Amino acid sequence: WLVHLTANGFGGCLADDMGLGKTLQTITLLQHIYDPDELKTVTSTQPSSGNITVDQSGQLSFFGDDQPDEKPYEEVISREEKKIIPASLVVVPTSLLPNWKREIRKFSSLSVYTYTGDQKRKEPWKSFDRYNIVLITYGLLRRDIELLENYRFTCVVLDESQNIKNPASMTYHSVVRLQSDHRLVLTGTPIENSLKDLWAQFNFIN
């Protein structure tokens, strides 16, 4: 579902309950965007049992283990020919920053950079292309939005997106200034007070 939304240019609201893996699903999506070969490696090495095999797409097959003679087109393209994809921004509450760093390093091959807002660097976006994911807190985003809006991210992900439920808040007005190709919000509580909470989040992703 997340890959479908990304491929078609739609924003998404992943509103699973707490503990169901919103963070891991998002990391998997980003892994798919930046290095899908890593995901193929997992599926292609699954053991077969009897006549049941795993095909190139990761689907189970009951019709033997015949494999195509030619490699998929994507595998023919060398890494040098692949286009450099701009970094993605993940905005998180301060308390969840260590968790995101730990999960990214544990479950993916993605490179991650924690934005600290060093005032000595007037153009921080110049180093973003060296990483796949840039982590930032809502507080630093509000403070440095005039710098961050100069970079076009591949994805902007808001964790605990109920933080922007008030469309009159500075946080909301900051996140809508960000430039990106795709937008995703993660929240276990998309509506806390009224439908206006949900409107603010959907106005951002759309």
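This is a predicted model: local features need pLDDT of at least 70, side-chain atom pairs count only at pLDDT 80 or more; totals for chains, interfaces and linings use all residues.

Student: Which residues lie nearest the centre of the second largest pocket?

Tutor: They are M18, G19, K22, T23 and E160, out of 14 residues that line the pocket. The elements that give two or more residues to this lining are α2 and α5 (97-107).

Student: And how does that lining divide into nonpolar, polar and charged residues?

Tutor: The lining of the second largest pocket has four nonpolar, seven polar and three charged residues.

Student: Let us stay with α2. What span should helix α2 have, and what is the distance between its end C-alpha atoms?

Tutor: Helix α2 covers residues 22-34, and at 1.5 Å a residue its 13 residues should span 18 Å. Its end C-alpha atoms are 19 Å apart, which agrees.

Student: Which residues of α2 are buried?

Tutor: The buried residues are K22, T23, T26, I27, L29, L30, Q31, I33 and Y34. Of these, K22 and T23 are also among the residues nearest the centre of the second largest pocket.

Student: What classes of residue make up the lining of the largest cavity?

Tutor: Nine are nonpolar, four are polar and one is charged.

Student: A change of topic: where is F128 found?

Tutor: F128 is in the loop between β5 (112-114) and β6 (133-137). F128 counts as buried because its relative accessibility is 0%.

Student: Leaving aside its neighbours within four places in sequence, what is F128 in contact with?

Tutor: With those neighbours left aside, F128 is in contact with A87, Y113, Y115, V134, L148, Y151 and F153. F153 is 25 residues from F128 in sequence, and their C-alpha atoms are 9.1 Å apart.

Student: Finally, how many disulfides does the structure hold?

Tutor: The structure holds zero disulfides.

Student: Are C13 and C155 buried or exposed?

Tutor: C13 counts as buried at 16% relative accessibility, and C155 counts as buried at 4%. The cut-off for buried is under 20%.

Terms used:
Residues are numbered from 1 along each chain as its sequence is written. Side-chain values use heavy atoms; hydrogens and water are left out. Helices (H or I, at least four residues) and strands (E, at least two) are DSSP runs, numbered from the N terminus. Buried means under 20% relative accessible area, exposed over 50%, partly exposed in between (1.4 Å probe, protein chains only). Contact means heavy atoms within 4.5 Å. The expected span of a helix is 1.5 Å times one less than its number of residues. On a 1 Å grid over the protein atoms alone, a cavity is a set of points where a 1.4 Å probe fits but cannot get out, and a pocket is an open set with protein on both sides within 12 Å along at least five of seven lines; lining residues have an atom within 4 Å of a point. Ala, Val, Leu, Ile, Met, Phe, Trp, Tyr, Cys and Pro count as nonpolar, Asp, Glu, Lys and Arg as charged, and the others, Gly among them, as polar. A disulfide is a pair of cysteine sulfur atoms within 2.5 Å.
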